[in-house]
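Me: I'm new to this structure and would like to learn how to read it. Could you take me through some features, starting with the general idea each time?

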Amino acid sequence: MNLEVKLPGLTLKNPIMPASGCFGFGKEYSDYYDLSRLGAVIMKAATQFERFGNPTPRVAETSSGMLNAIGLQNPGVDRIIGTEVPRLAEYDMSIIANVAGSSLEEYIFVAKAFNRTNEVHALELNISCPNVKEGGIQFGTDPEMAKKVTAAVKEASQLPVYVKLSPIVTSIVEMAKAVEEAGADGLSMINTLTGMRLHLPTGKPLIANQTGGLSGAAIKPIAIRMIYEVRQHVSIPIIGMGGISTAEDVLEFLQAGADAVAVGTANFQNPFACVDIIDALPETLTKYQYTSVQDVIDRRSVNV
Amino acid sequence: MKKRYEMKVLSVENIAKETIEMKLYQPEISKETVPGQFLHLLVPGFTLRRPISIAKVDKQEGSVTILFKIVGGGTSALAAYQPGMTIDALGPNGNGFSVDDVKEGERVLLVGGGIGVPPIYHLAKQLAEKNVELIAVLGFQSKDYVFYEAEFQKIAKTYVVTNDGSYGHQGFVTHVFSEVGAFDQYFSCGPLPMLRAITKELKDIPGKVSLEERMGCGVGACMACVLPTVDNNYKKICSDGPVFSAQEVVL
Ligand SMILES: Cc1cc2nc3c(=O)[nH]c(=O)nc-3n(C[C@H](O)[C@H](O)[C@H](O)COP(=O)(O)OP(=O)(O)OC[C@H]3O[C@@H](n4cnc5c(N)ncnc54)[C@H](O)[C@@H]3O)c2cc1C
Ligand SMILES: Cc1cc2nc3c(=O)[nH]c(=O)nc-3n(C[C@H](O)[C@H](O)[C@H](O)COP(=O)(O)O)c2cc1C
């Protein structure tokens, strides 16, 4: 079955890619399977300088999900371009760089840095990380700020820009419209929702950062609702994510308005999650009378 | 390529208070693994896998034995498994203790605290095959929690310490260090406060410690279980460790 989708900058042989931060730079998962099976990979966040991240514990289990407060730990954009990108470029798949920052200048710096390599096919502009104090989330909650950073990164970069939206906003549609207006080539949604868990014997937060981003199955209905709403008002493509672990989940995201999907937390439970989904997708689409991934996109009822 | 295994449960036994010994069938892992490595077990109904150390293997039988303490939902569910059922496992994960670091004729101190005892037992069994002298100090909360004392006694001069003095020596593992005599190096696994006390007390002696932290992926990708190193860098407990040189990490 034809699973191909074409998006700005990306020709994906299938619509499945690991989500940023849940796959590192692919090295560990390449011990489990051939990464060329993936449609694309979204790399861990890149910042201007190396970041060590938050104190530990950084994760906690929740009902149907998990909290994380990694704090954008990464080796810095230069080392990502120097060592991680060339290794990923050995595989037959698209590479998307996740661009993070705590100021407009940093976003521009990181975005520009990726102009130096021609192995990266698109940027995912992360204005939605809830885990670092000065970290981008203010750009993701105020439509005017989101516009500003999107326009600046579009100008700095030669690559298509997918803006990664935060679900922690009053109106997701307003945010999506704002970044579309500012020139975004696509959207990526959703990032995690802020949550908290306490340790009963002490009454203190389980995560050292106190709060963490909720991901996994628990957030899937929120992601579906937000994509469904946004799809009715915005025409740029959407990379959907939030709790995907099966081919049925993928179909639901496509029906809701996504054009491709990313798989995050599910990789932790099943390191083969992405390839298992890719293997199951044709049968699932057939079961629901679709002939291809593009067929789902063409026939969904929610398109603008 | 690494695999995901369905490990068949061969036996489940309650060997001390809240402590389960479980034997699993998986010949590949039993041949491949080194002491200190762990299995990452999927418990249905939970998002994250549970890391549990390998306590011993029987290559002939193709079995891998784990010991775990019932502390929360995941370990409670695991404790209810019956022989014949299967557990979804990844592993062996991480870098373990290197038996080759110990030379013939050396005197080696092994320190295990509570549920940190199992990987130390796996190491002790392998070291016992070499011409080395083993001393084991095993710390438990109280008498009800003590396990594997007899197993250790077969291969090491063994001291048991309980926090409340209900069995063996009273106090912490470090309290008997003055009795064990000189040794060339040490290996330890147990709760962080214990490891802090040990590494402080034995700071001039080469040692290896096995550490715990809450993990996400368990393979080195998600950066959840990192640890600062003395050279202002970091290590990932799941994939660089869980065993580290005591001199290398900041506890
Ligand atoms: C490398 C390694 C080896 C281990 N080996 C053993 C062993 O051989 N026997 C044994 O009994 N225990 C071992 N542990 C601890 C064991 O992983 C936890 O006790 C277990 O995950 C608790 O799960 P739960 O659902 O019962 O508890 P909960 O507290 O409900 O667990 C909630 C979450 O916190 C995590 N968690 C809780 N306590 C710990 C901990 N101490 N370390 C890491 N994660 C934790 C769980 O994995 C889970 O994701 C090891 C831990 C590590 C990191
Ligand atoms: C451990 C962890 C680290 C993450 N790191 C990043 C990151 O660096 N950049 C980013 O944009 N999103 C990051 N995310 C968010 C995911 O990419 C994804 O948007 C979110 O987890 C929802 O998908 P899921 O439910 O499939 O995990 C991270 C998520 C997790 C669980």
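Me: How many salt bridges does the structure hold over all chains?

Reply: Let's begin with the idea: side chains of opposite charge can pair when their charged atoms come close. Keep in mind that you are looking at a predicted model. Over all chains, this structure holds 26 salt bridges.

Me: Which residue forms a salt bridge with A:Glu28?

Reply: The partner is B:Lys236, and the closest N and O atoms of the two are 3.5 Å apart. To place the pair, look at the elements around each residue. A:Glu28 sits in the loop between β3 (16–18) and β4 (40–42) of chain A, while B:Lys236 belongs to strand β14 (residues 234–236) of chain B, so this pair joins two chains.

Me: How many salt bridges does the rule find across the interface of chain A and chain B?

Reply: The rule finds three across that interface. Twelve residue pairs in polar contact are also found there, both residues being at pLDDT 80 or more.

Me: Which elements of chain A supply at least two residues each to the side that touches chain B?

Reply: Look for β5 (59–62), β6 (65–68) and α8 (266–269) of chain A. Of the elements, β5(A) gives the most to this side, with four residues. Sorted by class, the side of chain A that touches chain B has 14 nonpolar, eleven polar and seven charged residues.

Me: How many residues does the contact take from each chain?

Reply: Chain A brings 32 residues and chain B brings 28 residues. Another way to read an interface is through the area that is buried when the two parts are put together. Here chain A and chain B bury about 2,500 Å² between them, and 60% of it is on carbon and sulfur atoms. On the chain A side, the residues that lose the most area to chain B are A:Tyr32, A:Glu61 and A:Gln269, which together make up 25% of what that side buries.

Me: Now for the ligands. Why is the site of ligand 1 shared between chains?

Reply: To read a site, ask which residues surround the ligand and which chains they come from. Residues from both chain A and chain B surround ligand 1, so its site is shared between the chains. The shell has 21 residues, and the closest are B:Pro51, B:Gly74, B:Thr75, B:Ile115 and B:Arg214.

Me: Which elements give two or more residues to the shell around ligand 1?

Reply: They are β4 (50–58), β5 (63–69) and α2 (73–79) of chain B. The largest share, four residues, comes from β4(B). By class, the shell divides into ten nonpolar, five polar and six charged residues.

Me: How many residues surround ligand 2, and which are the closest?

Reply: There are 24, and the closest are A:Ser20, A:Lys164, A:Gly216, A:Gly243 and A:Thr265. The side chain of A:Lys164 places an N or O atom 2.8 Å from an oxygen atom of ligand 2, and a polar backbone atom of A:Gly216 is 2.8 Å from an oxygen atom of the ligand. The protein covers 98% of the 610 Å² of accessible area that ligand 2 has on its own. Nine nonpolar, 13 polar and two charged residues make up the shell around ligand 2.

Me: What should I look for in the backbone?

Reply: Most residues other than glycine have a negative phi, and most peptide bonds are trans. With that in mind, look at A:Met189 and A:Ile190, which are joined by a cis peptide bond with omega about 15°. A:Ile190 lies in the loop between β10 (186–189) and β11 (193–196) of chain A. A cis peptide bond also joins B:Gly91 and B:Pro92, with omega about 0°, and B:Pro92 lies in strand β6 (residues 86–93) of chain B.

Me: Where does B:Glu18 lie?

Reply: B:Glu18 is in the loop between β1 (4–16) and β2 (19–25) of chain B. Although B:Glu18 is not a glycine, its phi is positive, at about 55°.

How values were computed: Residues numbered from 1 in each chain as written. Chains lettered and ligands numbered in written order. Predicted model: local features only at pLDDT ≥ 70, side-chain atom pairs only at ≥ 80, totals over all residues. Heavy atoms only, no water. Near = heavy atom within 4 Å. Nonpolar A, V, L, I, M, F, W, Y, C, P; charged D, E, K, R; others polar. Contact = heavy atoms within 4.5 Å. Buried area = accessible area lost by both parts, 1.4 Å probe. Salt bridge = Lys/Arg side-chain N within 4 Å of Asp/Glu carboxyl O. Polar contact = N/O pair within 3.5 Å; in protein donor to acceptor, adjacent residues only side chain to side chain. Areas by Shrake-Rupley, 256 points an atom, 1.4 Å probe, with all protein chains shown as cover.
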